[in-house]
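Subject: Structure handover

Hi,

Here is the structure I promised to pass on to you.

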Amino acid sequence: MALKKNKTQISSVSYNDIIIGIGISLIFLFISWITDIITNNLSVSFYTIKEIHINNPVHWLIDLLPFVVGITLYFSVRKREKDNKVFKLIIEQRDQDINRNAIFAKKIGEGVYDDEDQDVDADDIIGRSLIVMRDNLLSNNKNEKEQNWISEGKDLISRILRMHNNIDELAYEVIVQLIKYINIIQGTFYIFDNEENKLINRATYAYNRKRYVTQEFRIGEGLIGQCAYEQDIVYRTEIPENYTTITSGILGDKKPSSILIVPLITEEKLQGILEFASIEDEFPALTIKFLKELGEIIARTLYNLSMNQKTEKLLQESQQMTVELKANEEQLRQNAEEMRATQEELEISNKNLGTQIKEVGNAQKRLHSLLENASEVISIYDSEIKLKYESPSVTKILGYTPEEMMNGKDMDRLTAKGEAAMKEMFEQLLEDQHTPRTIQYTYIKKDGKKIHIETTGRNLLNDPAINGVILNSQDITERKRAEKEERMKSKMQSLSENSPDLILRMNTKGQFFYANPMVDDYIGIVSKDIMNSRLDDLKIKTELITFFKDTVRQIRKTNQKLNQELTMPTARLGERIMNFNAIPEFNENELETILFVGHDITEAKQIELEIKDKNRKINESINYAQRIQTSILPSTAILQEYLPKSFIFYMPRDVVSGDFPWFFKKEDILYISAVDCTGHGVPGALLSFIGYFQLNNIVDHDVNYTAGQILDKLHFGVRNTLKQDRVDADARDGMDIAFCRIDLKKKELQYSGAHRPLYLLRNGELLEHKGNRKAIGGIPHRKKAEKDFANHTIEILKGDKVFIFSDGMPDQVGGPEGRKYSPQRIRSTITENKNLSMQQYSNLFETDFKKWMGKNKQIDDVLLIGIEF
């Protein structure tokens with residue numbers, strides 16, 4: 001009613017304004033007529049009015065003023081009425097919004113969160129705030145339900161864990177309840193055997209019944225071993241061809257669509273593995289989170305059970321030992337009684353033998369002193385070749401006490417050859433009692449020093465005083481050394497006489513004591529004329545005299561061997577390059593003579609120069625190839641012209657590389673890829689040129705090709721170029737690749753890969769897009785059709801960060817434990833530093849990778865490309 005009343009008032013006021021405006025314009029009209037009549041002294045009449053209009057046409061314009069004013073005011077009033085209607089509609093809309101928001105707020109207050117979103121005006125702040133509040137409450141409600149579901153599952157499994165002390169029963173009950181709780185088809189429980197270092201299948205359950213499966217995996221073997229090695233969850237939706245199928249009466253044999261493998265770890269120690277298989281395409285994220293949290297609880301229980309079982313085993317062993325000790329104690333008591341009786345008898349005998357023992361003792365002391373200082377060892381063996389006496393001199397000669405020799409050191413310290421000689425000597429002595437036998441062998445003393453022993457054996461088993469085989473052994477090491485030196489001198493004399501090297505021996509005063517026949521060819525003087533001559537008395541080249549004198553002077557200062565090259569003119573061989581070794585020879589720590597051995601290395605030097613020249617040409621060729629490869633490959637600067645927030649971390653292992661970054665622009669499409677060719681160095685670089693030009697030709701041909709189609713054409717192009725499609729083909733070379741097609745206008749990224757993934761960091765979460773499990777190129781499988789490369793389409797959002805790389809980085813060995821850098825470390829580096837810019841990522845990866853590699857050799861080319869949109 002108030003709105004209608006206001007509308008009526010506004011309308012009446014508006015029409016009054018029109019009338020007033022027309023009235024004022026009429027007054028202005030009459031004033032203009034009267035002014036003109038008075039000015040021209042005319043009488044007032046209709047004729048006069050007509051006349052002034054004829055004489056002054058301006059009056060016609062003035063006459064139109066009331067009409068103009070009226071029309072103008074009329075349209076102004078109409079516009080005002082229209083605005084009033086709009087205002088009314090706004091007021092009504094506000095009333096509707098308030099009523100709708102009140103109803104919506106009431107539903108939220110009643111806990112109704114699943115009401116469909118209502119149409120909310122962009123200016124309805126309260127409505128939109130209610131929707132945000134509803135969504136937050138709904139999300140919190142969902143999170144609470146999920147947490148309750150996880151807690152209920154933990155309580156269920158915890159009850160089972162508390163109920164069982166037998167690991168097999170526990171494993172079966174846990175896997176059964178978990179399969180039912182997370183609603184999947186099949187599961188397996190593996191226990192880690194720490195002693196045998198392998199995982200053993202203890203329980204398998206599928207389609208509501210127990211399966212009896214015997215499986216064992218070592219660390220790193222298969223997906224189970226991989227999970228144990230990495231100690232992280234393995235989740236696969238791409239199942240290998242040889243993976244176990246799920247069998248049921250309804251479905252028959254069916255390979256699972258997804259598998260989830262969860263490690264059971266507590267205190268960084270592996271206790272077991274849980275493996276789940278499902279025919280659904282994927283496991284819910286909530287299920288994965290639940291199993292990951294539950295894994296530590298189960299692992300802790302397994303650890304406690306294992307420790308309890310070990311404790312029980314030790315307790316049983318302790319009890320068994322107690323029983324045995326009690327039985328032994330009784331036996332010892334009986335033995336003690338017998339020994340006491342025997343002791344009493346011995347005491348009586350000792351009194352009678354006291355005097356005799358003193359006399360024998362004195363005789364033994366005299367004999368012991370003689371034997372202890374003897375220069376040979378006397379040993380007595382029985383007929384079973386068991387040592388029953390060893391003279392005290394053994395300590396001085398061999399380092400062992402007689403007791404140690406009696407305990408086996410007589411044979412333990414012999415070499416295999418010496419032990420065989422000793423056994424052969426005993427056999428001969430036992431066969432022929434009258435003939436002594438002598439052998440020589442090597443013995444290892446107590447201090448580890450090897451000595452030579454000569455032993456003479458005699459069979460005195462029939463002699464009542466000896467009653468054994470007696471051995472007399474003496475150290476002949478010095479004698480053997482002297483004999484060896486004499487043989488070596490003779491041998492060296494023979495070698496030097498027939499050696500092609502120049503050999504001279506000279507004392508520190510320049511007098512020669514020996515020269516082999518080669519001096520005639522090199523110096524031009526026969527050897528007999530040089531011996532016993534002084535250096536200054538011989539007619540030889542000045543350069544050689546200076547060399548000998550300088551060498552003597554330097555060796556007298558250092559007492560060290562010298563090696564020096566000398567270019568010298570010879571008597572018959574022309575100018576030769578000689579390598580001289582000057583070897584000091586000492587007598588009682590005093591420098592006595594110097595042995596000069598000159599080896600002709602002229603031909604070797606010429607070959608060395610030829611090799612250096614060939615190496616120089618090869619290096620120049622490789623460096624030129626590197627300049628060519630570098631000139632065609634994109635750099636970070638070129639990439640940043642089109643994608644400012646990007647980087648290329650490129651670290652070839654050799655001068656040229658088998659890995660290469662590739663970039664191409666056609667129309668509005670950007671193409672970029674990380675390519676890893678077979679091999680590295682020159683072979684890899686040759687293959688990289690094939691890949692580079694093949695990619696250029698393919699993308700330049702048709703801009704509408706998808707990323708997957710481009711890899712298909714590259715695959716067949718490489719195979720055709722290397723003639724791998726022929727029946728007799730044997731070249732299995734190819735390449736792995738991560739390929740991106742970027743349309744910035746459409747905000748679209750297409751990805752396709754061959755063995756290489758793409759990592760997408762979006763809103764702090766890392767997403768992985770996997771490539772096909774086949775390489776570019778290679779010999780085709782004759783009996784199996786190949787699948788096309790998959791094309792992944794990704795909508796580009798602001799802030800998205802994309803990373804592609806070759807296998808050189810994850811395969812690099814390093815770190816404190818000599819392990820691989822691994823894809824897991826790359827993913828962790830990305831997610832743990834999610835707020836870094838691309839330039840900061842580039843610096844971080846380069847620093848971290850080089851630190852990880854340390855002093856280890858780089859095993860492959862390294863390539864990493866990062867882009868932020």
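What follows is a short tour of what was found in it.

Please keep in mind that this is a predicted model. The protein has 869 residues, of which 38% are buried. Its secondary structure comes to 20 helices and 32 strands. Among contacts with a separation of 6 or more, 57% are between residues 24 or more positions apart.

Strand β32 (residues 862–868) is joined to β20 by six bridges, and S646 stands opposite I867 in β32.

**The largest pocket**

This may be the part you want to look at with your own tools. The largest pocket holds about 2300 Å³ of space. It is lined by 43 residues, and those closest to its centre are E230, E768, P823, Q824 and R827. Two or more lining residues come from each of α6 (222–230), β5 (234–236), α7 (285–372), β26, β31 (819–820) and α19. Which element gives the largest share of the lining? That is α19, with five residues. By class, the lining has 19 charged, 15 nonpolar and nine polar residues.

**Helix α6**

Helix α6 also has a buried side to its story: L223, I224, G225, C227 and A228 are buried. The elements covering these buried residues include β1 (186–193), β2 (198–206), β4 (216–218), β5, β8 (258–266) and β9 (269–278). Just after α6, Q231 takes a positive phi of about 50°.

**The sheet with β16 and β17**

A further open sheet of five strands runs in the order β16-β15-β19-β18-β17, with antiparallel pairing. Its edge strands are β16 (512–515) and β17 (562–569), and each pairs on one side only. Ignoring direction, neighbouring strands of this sheet are turned by 25° against each other on average. Within it, strand β15 (residues 502–507) pairs with strand β19 (residues 590–600) over six bridges, in the antiparallel sense. There, M506 stands opposite I594 in β19.

Helix α14 (residues 542–558) lies across β15, β17, β18 (575–587) and β19, and runs at about 170° to β17. Helix α15 (residues 602–632) packs on the sheet as well, touching β17, β18 and β19, with its direction at about 120° to that of β18.

Is strand β22 (residues 669–677) mostly covered or mostly open? It is mostly covered, as nine of its nine residues are buried. Both of its faces are covered: one side has I669, Y671, S673, V675 and C677, and the other has L670, I672, A674 and D676.

On one side of the pairing, strand β21 (residues 659–666) is joined to β22 by eight antiparallel bridges, and the bridge partner of P661 is A674. The hairpin of β21 and β22 has two residues between the strands, and E667 takes a positive phi near 55° there. Strand β23 (residues 734–743) pairs with β22 as well, over nine bridges in the antiparallel sense, and here I672 has C740 as its bridge partner.

L161 is found in helix α4 (residues 125–163). Is L161 buried or exposed? L161 counts as buried because its relative accessible area is 7%, and the cut-off for buried is under 20%. Leaving aside residues up to four places away in sequence, L161 touches L170, V174, I297, I298 and T301. L161 and E173 are twelve residues apart in sequence, and their C-alpha atoms are 8.8 Å apart in space.

That is the tour, and the structure is now yours to explore.

Best wishes

Note on methods. Residues are numbered from 1 along each chain as its sequence is written. This is a predicted model: local features need pLDDT of at least 70, side-chain atom pairs count only at pLDDT 80 or more; totals for chains, interfaces and linings use all residues. Side-chain values use heavy atoms; hydrogens and water are left out. Two strands pair if DSSP finds at least two bridges between them. Helices (H or I, at least four residues) and strands (E, at least two) are DSSP runs, numbered from the N terminus. On a 1 Å grid over the protein atoms alone, a cavity is a set of points where a 1.4 Å probe fits but cannot get out, and a pocket is an open set with protein on both sides within 12 Å along at least five of seven lines; lining residues have an atom within 4 Å of a point. Grid points are joined across faces, edges and corners, and a volume is the space filled by probe spheres set on the points. Ala, Val, Leu, Ile, Met, Phe, Trp, Tyr, Cys and Pro count as nonpolar, Asp, Glu, Lys and Arg as charged, and the others, Gly among them, as polar. Axes are lines fitted to C-alpha atoms, for helices over the stretch in contact, and angles run from 0 to 180 degrees between N-to-C directions. Contact means heavy atoms within 4.5 Å. Buried means under 20% relative accessible area, exposed over 50%, partly exposed in between (1.4 Å probe, protein chains only).
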